[in-house]
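I opened this notebook to look up charged side-chain pairs and strand pairing in one structure. The entries follow in the order in which I worked.

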Amino acid sequence: MRLGLQIPDFTWPGGPAALGPKLRRIATDAEASGMASVWVMDHFFQISMVGPAENDMLEGWATLAHLAAVTEKVTLGTMVTGVTYRHPGVLVKTATTLDVLSGGRAWFGVGAAWNEEEHVGLGVPYPPLAERFERLEETLRIAHRMWSGDESPYEGEHYSLARPLNSPPALSSPHPKILIGGTGEKKTLRMVAEYADACNIFEMGPDAVRAKLDVLRGHCERLGRDYDAIEKTSLGRLDLVRPGAERVEGSQTVEEAVDRFAAYAAVGVDHAIVSLPRVSDPAAWELVPDLVAAVEKITPAGR
């Protein structure tokens with residue numbers, strides 16, 4: 001099992017002037033600790049589950065490009081890009097550029113988008129939910145076409161591309177891994193089975209995650225897709241403390257966290273992605289290498 005880091009919040013001591021140095025240190029700490037991946041949200045305003053809209057929020061793809069220059073091993077992705085924010089041809093070009101400049105370390109995390117506030121605030125069209133899913137599926141088709149080298153015109157219901165040229169091509173083979181975020185059983189998980197290399201499911205409890213993965217397995221069987229070829233990722237929050245230290249709600253020792261991830265691995269999760277609430281504090285990283293080493297010894301179900 002692998003452990004990855006999500007960075008959902010950039011409101012740290014020192015303000016905007018300190019963001020670059022702190023972010024670079026966090027990414028290099030994650031890599032030095034043995035973490036497999038680093039992720040940022042693709043939002044323009046902070047989301048209400050994390051903080052007020054006015055909190056600092058960096059644009060996701062530019063942030064990943066910055067991190068690519070200071071790391072060598074961790075893979076890099078958005079968790080996840082809303083399909084409405086960018087034209088799909090431009091989005092695939094952006095992801096390809098990250099993949100090339102990072103040496104083949106880009107993920108293509110994508111979803112149907114949901115945060116109406118930032119769409120309205122910045123003048124980005126926010127179509128109804130059904131249309132957003134239609135646009136997501138077209139974006140996935142366009143991504144596969146562009147990464148296959150097919151430059152023939154694309155005509156869809158929402159997008160028309162006269163020549164989907166993508167040069168230079170991605171370094172990842174056959175393309176950057178496509179991750180679809182969300183747990184909708186009829187549309188989202190069906191698209192995972194049809195187009196994606198990975199899914200992402202919130203840590204909603206091992207039994208609930210198992211139920212979602214069972215739905216995904218069913219879609220794979222109907223579509224003739226190898227279920228085991230799809231990487232199963234989870235997303236949660238982790239506050240590590242030493243045994244005997246003062247506890248806050250949700251905090252865990254390394255041993256407790258290992259048990260937690262083992263329970264998710266038992267239902268098939270391959271890659272646990274977590275946010276660290278004190279990520280900008282160097283002391284928050286002291287226990288992470290021990291956790292990563294222990295988690296790497298866990299074998300997910302089906303592997």
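I began with glutamate 151 and arginine 163, whose side chains meet in a salt bridge with an N to O distance of 2.8 Å; the term stands for a side-chain nitrogen of Lys or Arg within 4 Å of a carboxyl oxygen of Asp or Glu. Glutamate 151 lies in the loop between H5 and strand S5 (154–155) and arginine 163 in the loop between strand S6 (160–161) and strand S7 (177–181), so the pair ties together parts that are 12 residues apart in sequence. Helices (H or I, at least four residues) and strands (E, at least two) are DSSP runs, numbered from the N terminus.

I noted that this is a predicted model, in which local features need pLDDT of at least 70 and side-chain atom pairs count only at pLDDT 80 or more, while totals for chains, interfaces and linings use all residues. Residues are numbered from 1 along each chain as its sequence is written, and side-chain values use heavy atoms, with hydrogens and water left out.

Next I looked up accessibility, where buried means under 20% relative accessible area, exposed over 50% and partly exposed in between (1.4 Å probe, protein chains only). Arginine 163 is exposed at 55%, whereas glutamate 151 is partly exposed at 32%.

How many salt bridges does the structure hold? I found 16. One of them joins the side chains of glutamate 131 and arginine 135, again at 2.8 Å from N to O; these residues are four apart in helix H5 (residues 129–148), and therefore separated by about one helical turn. Glutamate 131 is partly exposed at 22%, but arginine 135, at 19%, counts as buried.

I then turned to arginine 242 and glutamate 286, whose closest N and O atoms are 3.2 Å apart in a salt bridge. This pair links distant parts of the chain, 44 residues apart. Arginine 242 is partly exposed at 44%, as is glutamate 286 at 48%.

Last, I checked strand S3 (residues 75–82): is it buried or exposed? Eight of its eight residues are buried, so the strand is largely enclosed by the rest of the structure. Strand S2 (residues 37–42) runs parallel to S3 and is joined to it by five bridges, where pairing requires that DSSP find at least two bridges between the strands. Within this pair, aspartate 42 stands opposite threonine 81 of S3. S3 also pairs in the parallel sense with strand S4 (residues 107–111), over two bridges, and there glycine 82 stands opposite glycine 111.
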